[in-house]
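Have a look at the sequence and the model, then read on.

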Amino acid sequence: MALPGSLRRQPADRGLVSHCTHHHIVVFLLTFFSYSLLHASRKTFSNVKVSISSQWTPSCLNTTAPELQPYELWNSSHLFPNAEEATLFLGTLDTIFLFSYAVGLFVSGIVGDRLNLRWVLSFGMCSSALVVFFFGTLTEWLHFYNKWFYCCLWVVNGLLQSTGWPCVVAVMGNWFGKAGRGFVFGLWSACASVGNILGAFLASCVLKYGYEYAFLVTASVQFAGGLIVFFGLLTSPKEVGLPELGADEDGSVEEDANRPLMSNDDADDDDRNYSIQATDTDNQPKAIGFFQACCLPGVVLYSLAYACLKLVNYSFFFWLPFYLSNNFGWKEAEADQLSIWYDVGGIIGGTVQGLISDVLQKRAPVLAISLLFAVGSLFGYSRSPNSKPINAVIMAITGFFIGGPSNMISSAISADLGRQDLVKGSSEALATVTGIVDGTGSIGAAVGQTSSTILFISPLIVREMRLLLHERHLRVLAE
């Protein structure tokens, strides 16, 4: 006789350990570090903004730049007349990246559910590494500076970087079922924060030689990681002859362990949750469509929530080192190292909150409580004094309550949404759902940054429009 779902949860949770093989560990580590390397190269740009801004402005405004002659040759890098316009362009590059990244996520999720995940991931990592090398290293070596060229490269980089997250989440979803998913994905989703820490560390180590070497190091490591993923990543248990999730001989116990957290506990006990990315084409179901994925319960709501949350999270991601350096006058390398504490808080927050959600068997209440505390932590950080220890502590607390929920939505909850009972008949859905959630979040971050930029420069717009109208009025009177 089948046991009720509540009585089957205890042995199902133990199944997380009993069914873990060395293949699971290898997949966990490969996907973890592959996305860490993607984030490390992405983080490098935010860590060297002060150096880039100094390079792009005249030496009379940059007291740290040496006077080199002839002036015309050595000062061709001056794209902007002052630091303010250089900073505005750096923000524009962030917005360009976010929009292209968001569009790419929607596409990459669909592509990932239809092609080999290993091919898509390794292609994105290697190609993105080359673009980062061209953007930050080759242009500086060749003394080639062009705003449109930078913009085009960053659009391409956003599209290529978008292949990472849907693919790694889908691979993890193939190997790890519902049992302990909140804890496993909470711990695993620290890959982005670890990548931020790695990027900050690498940038601070070589920044004294020039910002181009920060891009060179991270791009080289990412390219090597892409090659390792291509030759070493297993996208599905079937590739090594292991049973698919839910196809284990333990029957109903294993079935309950792999049933999505959002599924109905009263569902038919004979239903099975099949592998997302099976390699057997005879049994492989068709991938779910984009609009079908949007109509799955919870996808739109969590996507919109993530759009608001990612705006705050990415504000810290893109601008925290720059803010610390300019607001407190700390050295750029010191600001890079101090910004690590925000990611440390995010790592702890994602893991702890994921574990709590596993115990409660609910995700939304944990997210809501954490975000309420996030409001207080943001207010506290805005009042942070010019003290590195105090700033680090408040920063870590803020990362706990903001980075933690962000990691949960983009990983564990995305896996729950993509493994619902409604998609069992066409279970190639996880990469598509992950792309929708993360893509909507990136659009929210991009629109938020654009709106903030327009809001902050609105007084300048009004003033210049008045001057324009006044000059036009004088010309009319003169005629």
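## A buried tryptophan and its partner

Let's start with Trp154, which counts as buried at 3% relative accessibility. Here buried means under 20% relative accessible area, exposed means over 50%, and partly exposed is in between, using a 1.4 Å probe and protein chains only. Keep in mind that this is a predicted model, where local features need pLDDT of at least 70, side-chain atom pairs count only at pLDDT 80 or more, and totals for chains, interfaces and linings use all residues. Residues are numbered from 1 along each chain as its sequence is written, and side-chain values use heavy atoms, with hydrogens and water left out.

Rings of Phe, Tyr and Trp (its six-membered ring) pair if their centres lie within 6.5 Å; planes under 30 degrees apart count as stacked, over 60 as edge-to-face and the rest as tilted. That rule gives 27 aromatic pairs. In one of them, the ring centres of Phe97 and Trp154 are 6.2 Å apart and the planes sit at 45 degrees, so the pair is tilted. Phe97 belongs to helix α5 (residues 83-112) and Trp154 to helix α7 (residues 147-161), so to speak two distant parts of the chain, 57 residues apart. Phe97 is buried too, with a relative accessible area of 1%.

## More rings, and charges over them

Which residues do ring pairs link into a cluster? They are Phe45, Trp56, Phe89, Phe97, Tyr101, Phe135, Tyr150, Trp154, Tyr211 and Phe215.

Rings also turn up under charges. A charge sits over a ring if NZ of Lys or CZ of Arg is within 6 Å of the ring centre and within 35 degrees of the ring normal. Arg118 has its charged end over the ring of Phe230, 5.2 Å from the centre. Lys388 does this with the ring of Trp330, at 5.7 Å from the centre.

## The chain as a whole

Now step back a bit. The chain has 19 helices and zero strands. Helices (H or I, at least four residues) and strands (E, at least two) are DSSP runs, numbered from the N terminus. Of its 479 residues, 53% count as buried.

Contact means heavy atoms within 4.5 Å. Among contacts in the chain with a separation of 6 or more, 84% are between residues 24 or more positions apart.

Helix α2 (residues 22-47) packs against helix α14 (residues 299-328) at an angle of about 50 degrees, and their axes are 6 Å apart. Axes are lines fitted to C-alpha atoms, for helices over the stretch in contact, and angles run from 0 to 180 degrees between N-to-C directions. The two helices are therefore oblique to each other. For the cut-offs, angles under 35 degrees count as roughly parallel, over 145 as roughly antiparallel, 65 to 115 as roughly perpendicular and the rest as oblique.

On the α2 side, the residues that meet α14 are His39, Arg42, Lys43, Ser46 and Asn47, and they face Tyr314, Phe316, Phe317, Phe318 and Pro321. The residues of this contact split into five nonpolar, three polar and two charged. (Ala, Val, Leu, Ile, Met, Phe, Trp, Tyr, Cys and Pro count as nonpolar, Asp, Glu, Lys and Arg as charged, and the others, Gly among them, as polar.)

## Around helix α16

Gln353 is in helix α16 (residues 340-360). Is Gln353 buried or exposed? Gln353 is buried, at 3% relative accessible area. Leaving out residues up to four places away in sequence, Gln353 touches Val366, Ser370, Phe400, Phe401, Gly404, Pro405 and Met408.

Gln361 is in the loop between α16 and α17 (364-382). Gln361 has a positive phi of about 60 degrees although it is not a glycine, and is buried, with a relative accessible area of 14%.

## A few more spots

His143 also has a positive phi, near 55 degrees, in a residue other than glycine. His143 lies in the loop between α6 (117-141) and α7 and is partly exposed, at 44% relative accessible area. In helix α7 itself you'll find Val156, which is partly exposed at 38%.

Cys294 is in helix α13 (residues 290-294). Cys294 and Val433 are 139 residues apart in sequence, yet their C-alpha atoms are 7.5 Å apart in space.
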